[in-house]
Amino acid sequence: MAGGGGGGGGQKQDDLTPHPVKDQLPGVSYCITSPPPWPEAILLGFQHYLVMLGTTVIIPTALVPQMGGNNEDKAVVIQTLLFVAGINTLLQSFFGTRLPAVIGGSFTFVLPTISIILAGRYANEPDPHTKFLKIMRGTQGALIVASALQIIVGFSGLWRNVARYLSPLSAAPLIALVGFGLYELGFPSIGLPELILLVIFAMYLPHAVHMMRSIFDRFAVLFTIPIVWLYAYLLTVGGAYRNAAPKTQFHCRTDRSGLIGGAPWIRVPYPFQWGAPTFDAGEAFAMMAASFVALVESTGTFIAVSRFASATPLPPSVLSRGVGWQGVGILLDGLFGTGNGSSVSIENAGLLALTRVGSRRVVQISAGFMIFFSILGKFGAVFASIPAPIFAALYCVFFAYVGSAGLGFLQFCNLNSFRTKFILGFSLFLGLSIPQYFNEYTSVAGFGPVHTRARWFNDMVNVLFSSKAFVGGIVAYVLDNTLHRHEATVRKDRGYHWWDKFRSYRTDTRSEEFYSLPFNLNKFFPSV
C-alpha cells in the first residue's frame, strides 16, 4: 500500500479528485432564458408536440371504447385533451414554475377513471353513446372536485412548507422512480427499429459527422419518426400484418386508429361540451387520491426539468405556485371534459435532455402547435395516428433520462454513509416492490389488495400504492426527515446544506432571472 503512489506512472493529483458538484447542469446548449433562433425554436417546438402526442392518444384510445364511445368520440376527446394541454402548458410557463414543462395527460388518473367506468350506476344503460356521455360527465365532476386539492395545497403555500424539507437524498429516489417506474410503457410495447435509429441518430452520428453534430442530436426525433412511420406504412400496404394477432394489427398498422376518419375538419373544444358534470362523493375521493399522487410525481418531474433547463434548484415557493397552476389545469380538464387529469409530461422532460435545449420559448411554441392542431382536427389526427410502438421506443430513452436526473442528485450526498445507503436502497426497493404487488394482485383477482365494502376507500388506497414514484418518494422523505436527523454529520450526508441558498426565493440572485413572473406580476404576487 505504501508504495502505491509511485506505481501510477506519475499520475497527476487532478486525475484523482472527484468531479465537482454543479448547482446548474453544464453542457446545455440553450438554457431556460436563452431561446434558439426562431426557425430552430419552431422545429424544436414541433418535436415536443410530437412527443407529447403519445400519452395524449394512448389514454383516450384505452378509455373511450370502455366508456361506450366510438371513433368520433375518441377523436373529439383527443382533440380536447390536446387543446387543454396547450392552454395548461402556456399557463405553467408564464405564471406557474416558468419552467419549460409540458403539462399533458397523465396515466396516474387512469385507475380512478376505470373505476368510474365500472360503477354500477352506468351498467344498465343500453345505448353506448348515452353511456359514454354519462361516464364522461361523472369523470368531469370527479376531476373538478379533485382539482381543489392541488389548488389549495399550492396557492396556500402548504406545499412550499413540505418542499423545504426535501433534500437531494430524498429527491433522488423520487425523481429516479418518476422515470424508471414507467418501465412497463417502454420495451413491452416497443417498436425496435425506432429505438435503434433514435440511439444511432442521437448518440453515434453526432460524433461521426462533426459538421452536422448539433442537427443530428437535436432533431433525432424528427429524423427517425418519419422513417419508421413510412416503414410501418409500407408493411401495412404490403400485407405484412394481414395474419398477425388483432392486438398487433391495432398497434402496428397505420390504418387502424380510426382517428382521421373520426376527426372533424375544424372544431374548437369548449367547456361542458358533453353536458353538465355529475358528482359522486366516492368517485371524487378516488380522483383526489390520484391528484395527490400526480402532485408528488410532478414535484419530481419539475425538479428534473429545472435540472435539464440548466436552471438553479426550484425555490419551494415557486414549486408551490406551479402546483397551484397544475390544479387549475386539472380544473380545466374537468370543465372541458378530457376524461383525464393533467401532470408534468415526463417524456417531454426527457426530450429536454436529449436535445440539450431547455428553452422556455420552445415549449411555449409547442403549446401553440397543440392548440393549432387540436382545432384543425383532420391535420392533427394525421400525426395522432403514429403507431404506439414508435412512442414506446421514445419512452425508453426519455424515461431513462429523467430517471438518471434523479440519480444525478446523489452527487450532493455522502455515498459512503450507511444512513444514505439505507434510505436510498430501501426507498427504491419499496418503491418498486409495493406497486408491483398491488398491480399483480389486481391483474389476477380483478380488484386491489384493499377490498372493503367502501369502494371509494379501496380506490383511494389502491391508487396511492400503485405509483412507484409516490411510494418511493414518500418513504425516502419520511426516513430522511426522521432518521438521526439532528446528528452533526447527517446534514452534510443528505446534501441538505447544498440547497440552503435555494430554500428562499431571495437568497440566490439567479432565482429572479429564472423564475420571476412576467409583466411585473412579482409586485402583486411576491415569492418568498
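Visitor: Which helices each supply at least two residues of the lining of the second largest cavity?
Guide: Helix 2 (71–95) and helix 16 (377–384) do. A helix here is a DSSP run of H or I, at least four residues, numbered from the N terminus. This is a predicted model: local features need pLDDT of at least 70, side-chain atom pairs count only at pLDDT 80 or more, and totals for chains, interfaces and linings use all residues. Residues are numbered from 1 along each chain as its sequence is written, and side-chain values use heavy atoms, without hydrogens and water.

Visitor: What makes a space a cavity and not a pocket?
Guide: On a 1 Å grid over the protein atoms alone, a 1.4 Å probe fits in a cavity but cannot get out. A pocket is an open set of points, with protein on both sides within 12 Å along at least five of seven lines. Lining residues have an atom within 4 Å of a point. The search finds 3 cavities of 30 Å³ or more. Volume means the space filled by probe spheres set on the points, which are joined across faces, edges and corners.

Visitor: How do you know which residues of the lining of the second largest cavity are nonpolar, polar or charged?
Guide: Ala, Val, Leu, Ile, Met, Phe, Trp, Tyr, Cys and Pro count as nonpolar; Asp, Glu, Lys and Arg as charged; the others, Gly among them, as polar. L53 and F373 are among the lining residues, so they count as nonpolar. The lining divides into 9 nonpolar, 3 polar and no charged. The largest cavity has 12 nonpolar, 2 polar and 3 charged. Helix 12 gives the most to that lining, with 3 residues.

Visitor: Why is F272 called partly exposed?
Guide: Buried means under 20% relative accessible area, exposed over 50%, and partly exposed in between (1.4 Å probe, protein chains only). F272 has 42%, so it is partly exposed. F272 lies in the loop between helix 11 (259–262) and helix 12 (281–308). It has a positive phi of about 55°, although it is not a glycine.
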